[in-house]
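Here is a friendly briefing on a pocket and a ligand. Have a look at the model first.

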Amino acid sequence: MMSHDHDHDHPPYVEDYFFCEVTSVMRLTPSMIRVALRVDGGERLISTGHPDEWVRLALRPDPETPVTLPVQMADGKWGRPDGSQHCPNRPYTVRRWDADRREMLIDLVAHEGGVAASWAMGAKVGDIVGICNPEGRFEPPEDTSWMLLVTDITGLPAVGRILEELGTDQRAIVHVEIPSAADRQEIDSAGDVSVTWHETHGGGERHGGYTQLPGIARAIERLPEGPGYIYIAGEARAASECRKHFRDGLGFDKTRIDAIGYWIEGQARV
Ligand SMILES: Cc1cc2nc3c(=O)[nH]c(=O)nc-3n(C[C@H](O)[C@H](O)[C@H](O)COP(=O)(O)OP(=O)(O)OC[C@H]3O[C@@H](n4cnc5c(N)ncnc54)[C@H](O)[C@@H]3O)c2cc1C
């Protein structure tokens, strides 16, 4: 999965699942819904140490059927010995994890036609969902002196957590594509951070397509001196075009780029 070598040690992935109860729902901005989840058995949850870590959020398959999760069987494998139905699930960033309170914040983009987005738009306190142990990817090499983050609004929760966890000696140049100025967020950071907001997301024909991330990337014609790290998150084809620009257009070391397709235009993220 990683396109560069790990410099740090992280615990190995441990398969595990958790039921969660929604404890609050708020419209953070016009296009973003924040849900707080109380994680049942959260003392077992293993955070990865990667600030972009994500879980798969499992939702009820239909209004009559509750969420079910795999269970660990006598041989240690996970399965559904009771024949329960597989639940639709989608990847979402852990915007914040409070291990003491076992509370997780997840920010979901409100968009048309999505299983998870539709759930979020009607989510209520008391709703039950499922999650798995998180996985993560963001990992600047040890010698990194600057980082560039290029994401659309689906990557904004990851950007938020990355910036909040920066040290005072770290530098981040950030470009985020959002639908409107009202979707900007205030993000605290101890680091040296510059954020540029691009209000072109979801603009359709007005902007020549749903996402303008490749154009935003191509407008970056020069990178800072010294060893850097580039993190890209957005629509899958757009993210790979952005990577191509930095790798082929600017000759940046491809082993120091992580580009992740967060969603796929015209296709569910199953
Ligand atoms: C590692 C990772 C972390 C992620 N973190 C977040 C996060 O924190 N918050 C977040 O909102 N998303 C996040 N995503 C993206 C999210 O998983 C996808 O957008 C997913 O498709 C949403 O599921 P859905 O059920 O709403 O739509 P789906 O059922 O998957 O798709 C249905 C339709 O909606 C379209 N669609 C999907 N997403 C969008 C979108 N954002 N805008 C417009 N159209 C869309 C699809 O093209 C498809 O046509 C993350 C993805 C990954 C891989």
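The lining of the largest pocket takes at least three residues from each of domain 1 (17-132) and domain 2 (146-263), with bounds from an automatic or database domain assignment. This is a predicted model, where local features need pLDDT of at least 70, side-chain atom pairs count only at pLDDT 80 or more, and totals for chains, interfaces and linings use all residues. Residues are numbered from 1 along each chain as its sequence is written, and side-chain values use heavy atoms, leaving out hydrogens and water.

**Lining**
- By class, 17 nonpolar, nine polar and nine charged residues line the largest pocket (Ala, Val, Leu, Ile, Met, Phe, Trp, Tyr, Cys and Pro count as nonpolar, Asp, Glu, Lys and Arg as charged, and the others, Gly among them, as polar).

**Ligand**
- Around the ligand there are 27 residues, of which Pro91, Val109, Ala116, Ile264 and Arg269 come nearest (near: a heavy atom within 4 Å).
- The side chain of Thr93 has an N or O atom 2.8 Å from a ligand nitrogen atom.
- On the backbone, an N or O atom of Ala116 is 2.7 Å from a ligand oxygen atom, and a polar atom of Ile264 is 2.6 Å from an oxygen atom of the ligand.
- The protein buries 93% of the 900 Å² that the ligand exposes when taken alone (Shrake-Rupley method, 1.4 Å probe).

Note on methods
A polar contact is a pair of N or O atoms within 3.5 Å; within protein, one must be able to donate a hydrogen and the other to accept it, and residues adjacent in sequence count only if both atoms are side-chain atoms.
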